[in-house]
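Hi,

Here is the structure I promised to pass on. Have a look at it first, and then read my notes below.

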Amino acid sequence: MLRIENIKKVFDENTVNEKRALNDISLILNDGEFATVIGSNGAGKSTLLNAIAGSLMVDSGKIYIDDIDVTNMPEYKRASYIGRVFQNPTIGTASDMWIEENLALANRRGQRRGLGRGINDEERKYFLELLKEFDLGLENRMTTKVGLLSGGQRQALTLIMATIQRPKLLLLDEHTAALDPKTATKVLSVTNAIVRKSNLTTFMVTHNMKDAINYGDRLLMLNNGRIILDIKGEEKKSLTVEKLLNMFEKASGEQFSSDAAILG
């Protein structure tokens, strides 16, 4: 479970460039809830995700993961509770190591560092089955260096590594934005399967309205550092891009504008 209480973050305070990136945000994500997060450029999406991850500290308010107060906990300590997949496919993997070696490191997180014991047959079989789910041919390249993979293959591997130990919270930071449409659709499909299978509490930031609507069981829309829409249940199931844009305009009093957003 993720619980956020009245968090605020201001950049360049008391200057002409002051930006209230997070403006008194409160939020509860229950166990197993899959929330998608969307908003125009500068709405606060990335700032909110980074505040949860510990990449930046909030000015005030509280952040809890499974009732553990992580507000002032550094990023490296929060990592024991969080799985994170970044937009850049090169982040989160070791380029000069084999696929199976990367998976082994992720699977042994929290244990003594290194691969001195080697990768046993049971581990290798487990990794093989995980890779097969993506249907990207990774299961046939277990001893390939990760640096030789395509962006989609590498992102698929990163997703498996982020979820292999079933984190308390999964953060997806526009994790398909750098992929071609076909691969992005495949990675999103498997993302959804992994989240549902493991009942992971998930927070997915996206710039694609259709993806925000089609995936997850809750949609959050940010604007000017606030959550202005929180759509779930039957309302979300019947949602369309047109309806979402109309709801945004009514809630914010302005038109949705984002060069990066894919509206349909």
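**What I found**

Let's start with Leu-103. If you skip its neighbours within four places in sequence, Leu-103 is in contact (heavy atoms within 4.5 Å) with Phe-127, Leu-131, Leu-157, Ile-160, Met-161 and Ile-164.

Before going on, a word on the source: this is a predicted model, where local features need pLDDT of at least 70 and side-chain atom pairs count only at pLDDT 80 or more, while totals for chains, interfaces and linings use all residues. Residues are numbered from 1 along each chain as its sequence is written, and side-chain values use heavy atoms, with hydrogens and water left out.

**The cores**

Leu-103 also turns up in the largest nonpolar core, which has 34 residues. A nonpolar core here is a set of buried Ala, Val, Leu, Ile, Met, Phe, Trp, Tyr and Cys residues joined through side-chain atoms within 4.5 Å. Buried means under 20% relative accessible area, exposed means over 50%, and partly exposed is in between (1.4 Å probe, protein chains only). Ile-99, Leu-103, Phe-127, Leu-131, Phe-134, Leu-157 and Leu-159 have the most contacts inside this core. Two or more residues each come from α3 (99-107), α4 (121-132), α5 (151-163), β7 (169-173) and α6. Those labels are DSSP runs numbered from the N terminus: helices are H or I with at least four residues, strands are E with at least two. Another core, of 29 residues, lies apart from it and includes Leu-49, Val-58, Ile-63 and Leu-169. As background, nonpolar side chains tend to be buried together in soluble globular proteins.

**Two packed helices**

How do α3 and α4 pack? Their angle is about 105°, and their axes are 10 Å apart. The axes are lines fitted to C-alpha atoms, for helices over the stretch in contact, and angles run from 0 to 180 degrees between N-to-C directions. That makes α3 and α4 roughly perpendicular to each other (65 to 115 degrees; under 35 is roughly parallel, over 145 roughly antiparallel, and the rest oblique). On the α3 side, the contact uses Ile-99, Glu-100, Leu-103, Ala-104 and Asn-107, and on the α4 side Glu-123, Arg-124, Tyr-126, Phe-127 and Leu-131. The buried residues of α3, among them Asn-102 and Ala-106, pack against α4 and α5.

Lys-168 sits in the loop between α5 and β7 and counts as partly exposed, at 34% relative accessibility. Which residue is 167 residues away along the chain, yet has its C-alpha atom 7.1 Å from that of Lys-168? That's Met-1. The side chains of Lys-168 and Asp-66 make a polar contact of 3.3 Å. A polar contact is a pair of N or O atoms within 3.5 Å; within protein, one must be able to donate a hydrogen and the other to accept it, and residues adjacent in sequence count only if both atoms are side-chain atoms. Asp-66 is in the loop between β4 (60-65) and β5 (68-69), and has a positive phi of about 50° although it is not a glycine.

Glu-174 counts as buried at 15% relative accessibility. Thr-183 lies in α6 (residues 181-198), is buried at 16%, and its side chain makes a 2.8 Å polar contact with that of Asp-180.

Cheers
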